[in-house]
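I opened my notebook for a friendly look through this model. Here is what I looked up.

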Amino acid sequence: MANYYNKDLYKILNINFDASFDDIKLAYRKLVRIYHPDVAGKTADVLKFKEIQEAYEVLSNEEERKKYDILHGFYKEKIRKEYQQTTADKKNKYEEYIRQAKQRTNTSESFSQSINEALEGLFHSKKTASSAKKEPKIAINGEDIKLDLTISCFEAINGTNRKVNILHTEPCPNCSGRKFINGSKCPLCKGEGILSLQKKINVKIPKGVSQGSKVRIKQEGNKGINGGKDGDLYLIINIEKNPYFKTEGLNILCNLPITPFEAVLGAEIKIPLPTGNVNVKIPPMTSSGQKLKLSGLGLDNKSKQKKGDLIITVLIKLPETITEKEKELYNKLKELSANNIRKDINNAL
Ligand SMILES: [Zn+2]
């Protein structure tokens, strides 16, 4: 708040608080003739002159003067004085306004606001009344923020803690979201009424989230206005594609590559599951695409009363290169093989 709010501007201009605009102008001109540096010369009291100028600037501006008057109780005094001069008719009208204002609201703030409006309606032009009218304070809840979050399959299964950057908005603290201060754009928010803020927060992703699930972080959305609730933050989970693992409900699905000889002879293979390592027995003569189900090796449900399964799909894979020796042995196997596994394909059509 500017300095002049602490001073008695009427006293500085040597006038009464109910002086008319013409009186103010006259008083100012009188003082200028005494205190202007061009007139007073070297002995000029520069500070005093500045004070006079300031006082004139405020009191000659209808809006500014009203604010000043309200703040210093002059406004009420003026109303009282004018009121005393009014006729009985006006008195009745005044009481009617008060009665209506009381009916309109029961909160003390808007009650006094309504009285002001009523008084302004009585004694001032419509323009003054509407421009002095405060914006009503309506509580507005902050909006929710949605944010995509990509996590690994392991994190989805085991849960994880992540730091996320959120861009959220809040009402400008300088103008309380009103965009304008004393009729000019708020310099902090540049008349937007809101400020965008980057915020880093730690979030906890619970165990067993699935693709597309929403994790709600309470009250980390946009801020509410005038006492409205803050919004929530929703993390939309995207699980990175993993060529070997994925979840389906409580089940863990695993694509397991095996060699041709493991397929024929069987094997015991250690699988690094997200929930820990397990040893899996591949029975002899396992074909590619064959599924093995290991009960109870999936995920727990929340109450831990139910467990999913581990479902393995076996895929026979060849190494990228083989040695001459291996090739020789494959040739030998080919000669030895008595089976014709394509014997049925000709009859299939
Ligand atoms: Zn602002």
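**Ground rules.** This is a predicted model, so I kept local features to pLDDT of at least 70 and side-chain atom pairs to pLDDT 80 or more, while totals for chains, interfaces and linings use all residues. I number residues from 1 along each chain as its sequence is written. Helices (H or I, at least four residues) and strands (E, at least two) are DSSP runs, numbered from the N terminus.

**Helix α2.** I looked up residues 21–35 and found a helix of 15 residues. From first C-alpha to last, α2 reaches 21 Å, close to the 21 Å expected at 1.5 Å a residue (that is, 1.5 Å times one less than the number of residues).

Which residues of α2 are buried? I noted I24, A27, Y28 and L31. They sit on the same side of α2, because they cover an arc of only 100° around the axis (taken from the directions from the helix axis to the C-beta atoms). Buried means 20 or more other C-beta atoms within 10 Å of a residue's own, exposed means 12 or fewer, and partly exposed is in between, with C-beta atoms placed from the backbone. The other side of α2 has D22, R29, K30 and R33 exposed. The buried residues of α2 pack against α4 (46–59), where contact means C-beta atoms, placed from the backbone, within 7 Å.

**Positive phi.** K190 is not a glycine, yet its phi is positive, about 55°. I found K190 in the loop between β4 (184–185) and β5 (194–205). K190 is exposed, with 11 other C-beta atoms within 10 Å.

Q219, also a residue other than glycine, has a positive phi near 60°. I placed Q219 in the loop between β6 (214–217) and β7 (233–239). With 12 C-beta neighbours inside 10 Å, Q219 counts as exposed.

Technical notes
Two residues are in contact if their C-beta atoms, placed from the backbone, lie within 7 Å.
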